[in-house]
Amino acid sequence: MQDSQSAFKKEDPLGMDAMSSEEYASQSKLLQEFTNVPSIESAWLFKTNNEDRSRAMFSISQPDLLANKKRKYILHSHIVTHGTMPLECHWSPFPIEMTGVSAVVPSPSGSKLLVVRNGEKGSRTTLQIVNQSHVEKEIHVDQSIHGPLYTDEWFHGISWNHEETFIAYIAEQTPRPKPAFDDAGYRKGGSSEEDCNSWRGQGDWEEDWGETYSRKGRPSLFVLDIASGEVRAARGVPKSISAGQVVWAPPSSSGHQKLLVFVGWLEHNGFQSTARKLGIKYCSNRPCSLYAIHSPFEEEPNADNASDSGSESVPASVATNLTPSISSALFPRFSKDGKLLVFLSSKCAVDSGAHNATDSLHRINWPSDWKADEQLSVTDVVPVVMCPQDGCFPGLYCSAMLSDPWLSDHCTMVLTSAWRSTEVMLSIDVLR
């Protein structure tokens, strides 16, 4: 009997019976088939001089099981239309792997590409401006300016201006220097890491956003001047605000004013203004507002001109709250003609404390020459739906928004939203 059991239960050299071995082999083959299918992370569409042709660029990823990482690739395609005939996609023969790349963001015209390589283990962050044929400029940002860029789905924000001369982005603010001590006590001049005759304290404790943001610096706003390669932090953003989702406002009618609009989360971000951050990933119930601020490369307003006009102007280096009347404002998007600023709101979740609740969509009519002391009115586009009827629109449930959600009429935008048990695409006329 013992011999027959041992004959039936054959073992491989690793001590695994034949049935388990076959099961693992089948599962590993299935896993390999899944990992061989790439995922599209981002896509961009660019117009050409030919109305029947467009260029598309895709950022795709594929798991690397052995390295426990993701491989990232860039894939290009030419899209051809023939009247009412189906679209023709002419793909490049092979994708191009982007080794060590954290993010890629093309310029509005598609003629330039920003390639971000976040430094690892304290090394510098590298920003590359790639032209259609070569690397036009490479900027190494020192750790004393800022740390890695935020590339997550929440704080992430990288925005080219219309002229493609500046890039605004969100990065980790450099932590405050730690106090140094020796046998005589505190050393005012500090010390280097290699100094064996001193030791460093922890300094003031700073709360981070926890979860996947643990030990990351405060999300802060920076602007890169492509011509000079200089990086400056935005002036006038209070330290109590974490910035994210930045976009450039359209140029003013005079052409001189350069404004940035971003989302700001205050430190008093718990339910009912609890003075704790309490985490933010997957939590849309954190109060936030839209803020506008002048580019740090823009000169301060002329004080003489302000006094001559007889009006008190708000300094350029002060962040202005655009949405003080609403407890939540996310994903700001300007229409293609620059006349509308549309944003999503999770005010129901903020006001109730629920992690997720029905969202709403709002609009601001953006002036061609907005002044910081000018109040802007917020208009409801898609209001909150509390008790939807059977078969009717259940309300907006959006976890993100496309970087360019607009159709060619400048007033229709496309959103993805949960509709009961499925995810659907919605077309919304923001002027109705």
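F155 and W265 are both buried (buried means under 20% relative accessible area, exposed over 50%, and partly exposed in between, with a 1.4 Å probe and protein chains only). This is a predicted model, where local features need pLDDT of at least 70, side-chain atom pairs count only at pLDDT 80 or more, and totals for chains, interfaces and linings use all residues. Residues are numbered from 1 along each chain as its sequence is written, and side-chain values use heavy atoms, with hydrogens and water left out. Here's a quick tour, beginning with the rings.

**Aromatic pairs**

- There are 15 aromatic pairs in the structure (rings of Phe, Tyr and Trp, the last by its six-membered ring, pair if their centres lie within 6.5 Å; planes under 30 degrees apart count as stacked, over 60 as edge-to-face and the rest as tilted).
- One of them joins F155 and W265 in an edge-to-face arrangement, 5.1 Å centre to centre with 80 degrees between the planes.
- That pair ties distant parts of the chain together: F155 sits in the loop between β10 (146–149) and β11 (158–160), while W265 is in strand β19 (residues 259–266), 110 residues apart. (Helices, H or I with at least four residues, and strands, E with at least two, are DSSP runs numbered from the N terminus.)
- W366 and W370 make a tilted pair, at 5.5 Å centre to centre and 35 degrees between the planes.
- W366 counts as buried because its relative accessible area is 8%, and W370 is buried too, because its figure is 3%.

- Strand β12 (residues 166–173) pairs with β16 in the antiparallel sense over seven bridges (two strands pair if DSSP finds at least two bridges between them), and A168 stands opposite V223.
- β16 also pairs with β17 (residues 230–233), again antiparallel, over four bridges.
- Across from F222 is A233 of β17, and L224 faces V231 of that strand.
- β16 and β17 make a hairpin with four residues between them, and G229 in the turn has a positive phi of about 80 degrees.

**Two buried strand residues**

- Y291 belongs to strand β20 (residues 289–294) and is buried because its relative accessible area is 7%.
- F262 is 29 residues from Y291 in sequence, yet their C-alpha atoms are 5.4 Å apart in space.
- Setting aside neighbours within four places in sequence, Y291 is in contact with I241, L260, V261, F262, G264, L266, A319, T320, N321 and L322 (contact means heavy atoms within 4.5 Å).
- S417 is found in strand β26 (residues 412–419), and its 2% relative accessibility is why S417 counts as buried.
- With neighbours within four places left aside, S417 touches G395, L396, Y397, C398, T422, E423, V424 and L426.

**The second largest pocket**

- About 1200 Å³ of space lies in the second largest pocket. (On a 1 Å grid over the protein atoms alone, a pocket is an open set of points where a 1.4 Å probe fits, with protein on both sides within 12 Å along at least five of seven lines; lining residues have an atom within 4 Å of a point.)
- Its lining takes in 36 residues, and P175, R176, E206, K216 and G217 lie nearest the centre.
- β10 and β12 each supply at least two residues of that lining, with the largest share, three residues, coming from β10.

**Cysteines**

- How many disulfides are there? The count is zero (a disulfide is a pair of cysteine sulfur atoms within 2.5 Å).
- C348 is buried because its relative accessibility is 17%, whereas C387 is exposed because its relative accessible area is 70%.

Key:
Grid points are joined across faces, edges and corners, and a volume is the space filled by probe spheres set on the points.
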